[in-house]
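Subject: The structure for you to look at

Hello,

Here is the structure I promised to pass on. Please open it next to this email, and I will walk you through what turned up.

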Amino acid sequence: ARIYFDTDGKPVRLVGTNEDITERQQREAALQESEARFRSTFDSAAIGMALVSLEGRFLQANDALCRLVGYTQAELQQKTFQGITHPDDLKADLALMQDLLAGSRESYQVEKRYLHQDGHAIWILLSRSAVRDASGKVLYFIAQMQDFTERKALLDKLELQATKDYLTGLSNRRHFLERGEAELAHVQRYGHALSLFMLDIDHFKNINDTYGHKAGDIVLQQLSRILRDTLRSVDIIGRMGGEEFAVLLPETDLQQALEVAERLREIVAAADVVREAGLPLHFTVSIGVVTLKQQDVNLDMLLNQADRALYEAKASGRNKVCVST
């Protein structure tokens with residue numbers, strides 16, 4: 001506004017402009033309300049929430065996240081998410097964050113581990129999204145973290161129960177067949193060697209009848225330990241049922257398979273099975289061996305051939321190794 005005066009210095013007119021700012025005030029009020037709602041949600045959320053810089057530094061963190069990782073807000077703001085991420089999980093998380101920066105995804109969710117302030121690892125379910133300006137440039141990230149530790153342990157337990165034999169800890173029949181089919185397909189594709197054993201504990205019924213089923217369980221567990229300790233990490237071991245076991249040996253020809261089978265047989269025969277009471281008992285195994293000779297066979301065919309060789313070993317005296325013909 002501007003005031004005009006006459007020659008005597010008296011104001012004679014006022015010239016000015018008026019602007020309707022109602023809409024602007026409404027926008028500002030709406031923005032303040034939105035920010036207040038976000039702040040209330042951020043601070044009181046039951047799950048961990050944080051604003052994270054492009055470099056990974058925690059700009060803001062709520063109380064739930066601080067409780068989750070064991071740091072105060074001030075301590076957490078001096079750290080980066082990279083610094084509290086388990087080293088084995090960092091590469092995958094960084095790759096997904098690069099996708100956010102590149103614009104190839106708007107958000108992502110991943111299971112990963114954070115390192116608690118006291119050093120132990122905690123599993124979290126991380127959801128991260130990017131906040132961008134009008135031009136599309138990423139300003140910062142919003143991260144939400146849920147404690148996933150108990151659920152992860154439950155899922156791992158269920159998976160273990162679905163794939164492992166409860167008594168021996170080896171692969172159960174279904175899991176052995178799944179892994180075996182995959183390994184056989186790989187070997188057939190590249191023309192590599194492969195052998196397979198079928199093992200059976202000799203006179204196992206007599207062990208149960210004489211010493212009790214608990215002693216029989218100890219024998220099964222002892223054999224399982226011998227198999228794990230004697231064989232390679234790449235060999236696939238499974239309990240097929242009862243006292244019968246199968247072993248698939250990649251990159252193993254017939255001569256090598258026979259050497260391994262004989263070594264197993266000797267180790268088993270020499271092992272002492274310690275019982276809760278009484279003298280240690282001994283047991284032996286019979287083993288049937290088959291080697292992949294043609295490419296148009298499946299795992300069931302190999303198992304049947306090894307089973308026939310196993311039957312021959314048992315029929316001809318037990319505690320011996322026979323090869324499928």
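Arg-239 is buried, with a relative accessible area of 12%; buried means under 20% relative accessible area, exposed over 50%, and partly exposed in between (1.4 Å probe, protein chains only). Before going on, please note that this is a predicted model, in which local features need pLDDT of at least 70 and side-chain atom pairs count only at pLDDT 80 or more, while totals for chains, interfaces and linings use all residues. Residues are numbered from 1 along each chain as its sequence is written, and side-chain values use heavy atoms, with hydrogens and water left out.

What does Arg-239 form a salt bridge with? The partner is Asp-165, and the closest N and O atoms of the pair are 3.2 Å apart. (A salt bridge is a side-chain nitrogen of Lys or Arg within 4 Å of a carboxyl oxygen of Asp or Glu.) Asp-165 is buried too, with a relative accessible area of 11%. Asp-165 sits in the loop between α6 and α7, whereas Arg-239 belongs to strand β9 (residues 236–241), so the pair ties together parts that are 74 residues apart in sequence. Helices (H or I, at least four residues) and strands (E, at least two) are DSSP runs, numbered from the N terminus.

The structure holds 13 salt bridges, and a few others deserve a look. Glu-178 and Arg-174 form one, with their closest N and O atoms 2.7 Å apart. Both lie in helix α7, 4 residues apart, which is about one turn of the helix. Glu-178 is partly exposed at 43% relative accessibility, and Arg-174 is partly exposed at 42%. Arg-232 and Asp-235 also meet through their side chains, at 2.6 Å from N to O. In that pair, Arg-232 is partly exposed, at 38%, but Asp-235 is buried, at 5%. Finally, Asp-93, Lys-112 and Arg-128 are linked in a network of salt bridges.

Thr-163 is in helix α6 and counts as buried, at 13% relative accessibility. Leaving out residues up to four places away in sequence, Thr-163 touches Leu-170, Ser-171, Asn-172, Arg-174 and His-175; contact here means heavy atoms within 4.5 Å. His-175 is part of helix α7 (residues 173–190) and is buried, at 16%. With neighbours within four places again set aside, His-175 is in contact with Thr-163 and Lys-164.

Helix α6 (residues 149–163) also holds Leu-155, which is partly exposed at 38%. Together with Leu-154 and Leu-158, Leu-155 forms a nonpolar patch on the surface, with about 260 Å² of accessible area in total. (Patches are made of residues with over 30% relative accessible area and no salt bridge: like charges are joined within 9 Å, nonpolar side chains, meaning Val, Leu, Ile, Met, Phe, Trp and Tyr, within 5 Å. Accessible areas come from the Shrake-Rupley method with a 1.4 Å probe, and for residues only the protein chains shown count as cover.)

Which residues touch the most other members of the largest nonpolar core? Among its 32 residues, they are Phe-197, Ile-201, Leu-227, Phe-283 and Ile-287. A nonpolar core is a set of buried Ala, Val, Leu, Ile, Met, Phe, Trp, Tyr and Cys residues joined through side-chain atoms within 4.5 Å. Several elements supply at least two residues each, including β8 (194–201), α9 (213–230) and β11 (285–291). The largest share, 7 residues, comes from α9. Leu-227 touches Leu-170, Leu-199, Ile-237, Phe-245, Val-247 and Leu-264, not counting residues up to four places away in sequence. Apart from this core lies another, of 26 residues, with Tyr-71, Leu-76, Ile-124 and Val-138 among them.

Here is the overall picture. The protein has 11 helices and 12 strands, and of its 325 residues 39% count as buried. It exposes about 18800 Å², of which carbon and sulfur atoms supply 49%. Among contacts between residues at least 6 apart in sequence, 54% join residues at least 24 apart. A search of the whole structure finds 0 disulfides (pairs of cysteine sulfur atoms within 2.5 Å). Of the cysteines, Cys-66 is buried at 9%, and Cys-322 is buried at 8%.

Enjoy exploring!
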